[in-house]
Amino acid sequence: MIKVYGMPTCPYCEYVHEQIVGREDEFEYINIGENIRNMSAFTRLRDNNPAFDHSKEIGDVGIPAFVFEDGRVSLDPADAGLIEYGSPEASALKGLEK
């Protein structure tokens with residue numbers, strides 16, 4: 001199961017969340033703003049994992065973040081088989097919805 005850290009106030013996170021609704025057997029969405037335990041778990045991950053180095057350098061939070069069963073961490077939705085907000089793939093999908 002892939003853990004996805006995000007927040008509802010983040011448009012990138014919400015775009016990912018919409019893609020995983022109904023796929024709870026594959027993904028666990030963890031809202032870091034929901035409670036202090038979730039925020040604390042994310043902060044520990046962010047503080048100790050080099051996948052967040054660039055995000056920290058540019059002052060970004062680093063969500064959505066994906067933690068795979070093998071412990072690997074990624075900030076790229078494509079690594080989890082998902083589409084990133086604002087990407088060409090997202091634009092193509094949006095065009096199909098109309």
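A residue is termed buried under 20% relative accessible area, exposed over 50% and partly exposed in between, with a 1.4 Å probe and protein chains only. The model is predicted, so that local features need pLDDT of at least 70 and side-chain atom pairs count only at pLDDT 80 or more, whereas totals for chains, interfaces and linings use all residues. Residues are numbered from 1 along each chain as its sequence is written, and side-chain values use heavy atoms, without hydrogens and water.

Helices (H or I, at least four residues) and strands (E, at least two) are DSSP runs numbered from the N terminus; two strands pair if DSSP finds at least two bridges between them. Four strands form an open sheet in the order β2-β1-β3-β4, with mixed pairing. Its edge strands, β2 (27-31) and β4 (73-74), each pair on one side only. Between β3 (residues 65-67) and β4 the pairing is antiparallel, over two bridges. Phenylalanine 66 has serine 74 in β4 as its bridge partner.

Helix α2 (residues 36-48) packs on the sheet and touches β1, β2, β3 and β4 (contact: heavy atoms within 4.5 Å), its direction making about 105 degrees with that of β1. Axes are lines fitted to C-alpha atoms, for helices over the stretch in contact, and angles run from 0 to 180 degrees between N-to-C directions. Helix α1 (residues 11-20) lies across β1 (2-6), β2 and β3, at about 145 degrees to β2.

Phenylalanine 52, in the loop between α2 and α3 (53-57), is buried because its relative accessible area is 0%. Leaving aside neighbours within four places in sequence, phenylalanine 52 contacts Phe42, Leu45, Arg46, Val61, Gly62, Ala65, Val73 and Leu75. The C-alpha atoms of phenylalanine 52 and alanine 65 are separated by 9.0 Å.
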